[in-house]
Amino acid sequence: MLENNATYNQFFDLFQQQDHARLAGFDDFMQRQGVTFNLYKNDQFIEQTFPFDAIPRIIAADEFAHLSRGLEQRVGALNAFLNDIYGEQKIIKAGIIPPDFVFGSKAYLPAFHGCRAPQDIRTHISGLDLVKDSVSNEWLILEDNLRVPSGASYPLSIRRAYRQLFPQLFEKMPIAPSDNYGHLLSSMYEHVNPGGISVVLSPGRLNSAFYEHGYLARISDARLVTNSDLFVDNNVLYLKSFNGKRIRVGVVYRRLDDDFLDPLNFHSDSMIGVPNLMSVYRAGNVALLNAVGNGIADDKGIYYFVPKMIRYYLGEEPILSNAPTYLPWFEDDRKFVLENLHKLVIKDVAEAGGYGVLFGSKLSQQQLADLAAHIQAEPRRFIAQELIEFYDIPTQVDGQIVPRKSDLRMYIVHGKDITVWAGGLTRFAREAGNYLVNSSQGGGFKDTWIMGA
Amino acid sequence: MTLAFNAPVRHHQFMLRLLPRIASGIVVQSQQLMVTGEHDAGRFYDGFSNRLICGQAIEAHRDFHVSYQAKLKRATPTKQSSDMLTAVYLAPSKLTQCDAKRLSSWLELPSIYDNGMALAQALSHLVYQRMTYSTGTTHTEHTVSELIDNPVGVCQDYAHLLIALLRYYLIPARYVAGIAQGEGQSHAWVEAWIDGLWIGLDPTHDCWVHDKDPYIAFAVGRDFSDCPLNSGAFSGNVTHTLSIQAQLTPSS
């Protein structure tokens with residue numbers, strides 16, 4: 001079902017009047033700027049541009065205000081959860097989350113229990129994935145990404161091209177500016193910084209988001225570095241400068257997973273980490289963005305408990321709901337899941353990026369039976385969700401405007417305050433009827449326009 | 001402790017778990033730590049309350065020494081409120097995970113027992129009987145699943161198997177890395193959470209830890225992978241050998 005609102009009509013009226021030959025300018029821009037997305041497929045490294053569609057997702061002012069309240073609330077609760085789980089563990093003692101869901105997860109890092117993050121902030125940059133349900137007309141949270149959420153640079157950089165190519169749209173429509181993202185990052189750095197400069201730590205050129213690492217460093221006034229630029233001395237992190245001097249580093253916006261951060265504390269064969277970085281962290285001399293061990297909060301099994309966290313830590317009712325989710329680990333849920341497998345979406349909690357997602361409706365009888373056996377053997381490993389009939393939004397494919405399923409990733413920056421960025425990454429599935437919009441599954445992206453009040 | 005390299009290394013970053021755990025019913029009366037080329041190493045606690053020594057030896061060196069002398073006094077263990085929920089020691093961990101059905105069909109596990117202590121002792125005895133001690137046959141990443149196929153190994157393997165068994169009976173169990181008199185090298189054993197106390201069991205010697213004084217624990221964790229005594233990174237393409245010399249002298 002196609003999402004429709006008055007603003008889309010205004011957009012199309014204006015868009016029809018534009019010179020469509022200028023659309024080619026987007027591809028030129030992406031080529032010139034090197035806006036690429038790298039993929040591993042069959043062990044081959046492919047650098048490709050991220051398909052872009054010029055028809056934006058449009059969100060009305062009141063709708064954005066509602067989303068902002070809900071996302072701020074959710075991130076506040078997730079941050080409280082992380083501080084608790086690496087501290088007093090009250091939510092487990094209170095019986096709200098069964099210990100198995102925390103301690104049985106590989107993402108929980110007990111070696112860092114008791115290690116406080118500067119300013120008690122752990123969720124510096126969150127990317128929360130939402131879809132708008134066409135049945136209830138409500139936004140639903142599909143996923144919380146609290147480790148290294150990527151993608152903000154795509155809508156950010158394309159916005160600049162958009163303003164240049166189609167300035168009239170920006171004169172006639174009250175589109176909220178999105179170019180404050182760099183400022184949101186740099187003021188957050190300042191708030192959590194125990195002393196020193198800020199760096200964006202990238203694994204290097206072969207990473208799928210390398211374009212983004214450089215872009216974010218530039219707009220947030222940070223240095224782009226790889227591990228060989230950094231070293232630890234006496235529990236302080238330094239950058240080696242070109243003239244041989246050392247410069248103290250206080251903030252590391254790390255774009256690599258925990259496992260690779262420090263070969264002394266995590267994978268000992270990591271060649272992209274900084275040895276003893278964690279001693280600097282333990283000493284409180286560096287803020288790591290996001291904090292170490294956050295993976296436990298975006299575990300798909302923990303997702304089920306986020307509404308309960310909001311009630312527990314904040315004493316509030318959740319403003320935004322989860323997609324209806326069942327945990328086969330609970331006996332009642334397991335019974336329901338096994339009886340309704342053919343209409344549910346089953347996700348493997350250990351997978352991400354659209355991998356390990358099975359649609360019951362598309363499986364054969366044999367596949368359903370295999371999956372049921374798998375769930376019975378390892379109930380903790382799976383979650384089941386109702387299939388959400390989320391909206392299609394108008395999308396240009398081969399010159400035609402057609403409906404395509406789209407989700408939305410919104411970025412929330414947590415410094416002194418929790419702020420939802422008035423922009424976002426809208427991803428769409430390229431084939432009709434496909435529900436998987438992940439870029440690693442070949443989906444494309446759109447800009448997200450928040451309308452001013 | 002001595003790390004001997006076959007060629008000089010530089011920029012040696014280290015993280016050591018070589019200080020006695022204070023939480024385990026031991027009082028430190030006096031102590032002195034010496035690390036090669038470094039007298040100001042950072043001291044921290046990890047999440048398991050293990051003491052960490054973190055630092056770096058920048059200049060080229062072939063040998064790296066850490067010496068620690070302390071006068072320790074054993075205190076009467078009191079009921080401890082565990083810092084971290086003991087449930088963390090119930091979940092299957094990387095090296096102790098195995099199929100519960102395989103485990104129970106492999107061993108004749110007791111179904112009737114008087115109490116937690118009796119059960120723990122029976123399980124430790126079972127491990128001692130089933131395992132064959134042999135050095136050089138296993139590596140540090142050896143899992144309990146592999147032990148079921150081939151029950152041969154060293155103290156680390158004995159400890160992992162006992163941990164898996166205790167957890168099977170829902171008794172929180174943790175790995176202990178340390179030294180015991182007579183071993184000379186590092187040793188590994190197990191602690192089980194019974195009636196609000198961590199009770200030490202040494203399945204390699206089929207005994208309670210408190211029967212065979214003195215055992216000194218350096219690190220505890222879910223399994224061996226949480227308890228490396230020595231982690232390091234350095235520049236130089238070299239191999240190294242680690243030796244730990246421990247001497248425990250009971251005071252008169």
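A: Happy to! In this predicted model, helix α2 (residues 116-130) of chain B packs against helix α4 (residues 155-168) of chain B at an angle of about 140°, so α2(B) and α4(B) are oblique to each other (under 35 degrees is roughly parallel, over 145 roughly antiparallel, 65 to 115 roughly perpendicular, the rest oblique). Their axes, lines fitted to C-alpha atoms over the stretch in contact with angles from 0 to 180 degrees between N-to-C directions, are 10 Å apart. Helices are DSSP runs of H or I with at least four residues, and strands are E runs of at least two, numbered from the N terminus.

The crossing of α2(B) past α4(B) is right-handed (the near helix is turned clockwise from the far one by less than a right angle; anticlockwise is left-handed). On the α2(B) side, A120(B), L123(B), S124(B), V127(B) and Y128(B) make the contact, meaning heavy atoms within 4.5 Å. Facing them from α4(B) are Y158(B), L161(B), L162(B), L165(B) and L166(B). By class, this contact has 9 nonpolar residues, 1 polar and no charged ones (Ala, Val, Leu, Ile, Met, Phe, Trp, Tyr, Cys and Pro are nonpolar; Asp, Glu, Lys and Arg charged; the others, Gly among them, polar).

Helix α6 (residues 153-165) of chain A and helix α9 (residues 210-219) of chain A have their axes 10 Å apart and meet at about 70°, so α6(A) and α9(A) are roughly perpendicular to each other. This crossing is left-handed. From α6(A), the residues S153(A), Y154(A), L156(A) and S157(A) meet Y211(A), E212(A), Y215(A) and I219(A) of α9(A). The class tally for α6(A) with α9(A) is 5 nonpolar, 2 polar and 1 charged.

For a strand contact in chain A, β14 (residues 344-348) and β16 (residues 382-386) run antiparallel and are joined by 5 bridges (pairing needs at least two DSSP bridges). Within this pairing, V345(A) stands opposite Q385(A) in β16(A).

Some housekeeping: residues are numbered from 1 along each chain as its sequence is written, with chains lettered from A and ligands numbered from 1 in the order in which they are written. Local features need pLDDT of at least 70, side-chain atom pairs count only at pLDDT 80 or more, totals for chains, interfaces and linings use all residues, and side-chain values use heavy atoms, leaving out hydrogens and water.
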